[in-house]
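Work through the exercises below with the sequence and the model at hand. Try each task before reading its solution.

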Amino acid sequence: MTLDDVIAHCLAKPGAEESYPWGDEELVCKVGGKAFAFIGLSAKTVGVKSGVDAEDAAEWRDRFPDDITVSAYIGRYGWNRVDLGGRVPEDDVRELLDRSYDAIVAKLPKSKRPVV
């Protein structure tokens with residue numbers, strides 16, 4: 001999956017918006033004001049919520065040890081970083097993006113959830 005495909009997939013989600021809080025090297029896709037994907041534009045990576053906590057998210061790291069790692073700073077909360085140039089199949093990347101979005105939306109107050 002290309003970087004452009006990942007960005008398009010994220011921004012096609014209901015209520016998705018883009019921001020660049022740390023400069024133009026990292027795109028943060030948000031819903032209801034909360035991040036669901038951290039896209040490293042030059043590194044060609046994406047950080048996603050992959051589980052409830054680091055232990056839960058470890059399933060993905062175990063399946064793709066060379067291409068999925070714990071996200072810096074927020075890994076203990078279930079976030080993983082996926083190398084888009086690696087061997088993670090496109091369907092799995094899409095699943096991770098969808099799961100991350102769904103996990104964030106589920107935690108939003110009803111007033112901030114996007115209308116589907």
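**Exercise 1.** Which element gives the most to the lining of the largest pocket?

Solution. The model is a predicted one. Start with the space itself: the largest pocket holds about 250 Å³. Next, look for elements that supply at least two lining residues each; these are β3 (34-40) and β4 (45-49). Of the elements, β4 gives the most, with three residues. The residues lining this pocket include Thr-45, Val-46 and Gly-47.

**Exercise 2.** Sort the lining of the largest pocket by class.

Solution. Among the lining residues are Trp-22, Glu-26, Phe-38, Ser-71 and Arg-81. Gly counts as polar here, and Gly-40 is one of the lining residues. The sorting gives six nonpolar, four polar and two charged residues.

**Exercise 3.** What volume does the largest cavity have, and which residues line it?

Solution. The volume of the largest cavity is about 30 Å³. Its lining consists of Met-1, Val-82, Asp-83, Leu-84, Gly-86, Arg-87, Val-88 and Val-93. By class, five of these are nonpolar, one is polar and two are charged.

**Exercise 4.** Describe the largest nonpolar core, then follow one of its residues.

Solution. The core has 30 residues, and Val-6, Ile-39 and Val-46 have the most contacts inside it. Elements that give it two or more residues include α1 (3-11), β2 (26-31) and β6 (79-83). The largest share, six residues, comes from α3.

Key
Residues numbered from 1 in each chain as written. Predicted model: local features only at pLDDT ≥ 70, side-chain atom pairs only at ≥ 80, totals over all residues. Heavy atoms only, no water. 1 Å grid on protein atoms, 1.4 Å probe; cavity = no way out; pocket = protein on both sides within 12 Å on 5 of 7 lines; lining within 4 Å. Points joined across faces, edges and corners; volume = space filled by probe spheres on them. Helix = DSSP H or I, 4+ residues; strand = E, 2+ residues; numbered from the N terminus. Core = buried A, V, L, I, M, F, W, Y, C linked by side-chain atoms within 4.5 Å. Buried < 20%, exposed > 50% of the residue type's maximum accessible area, 1.4 Å probe, protein only.
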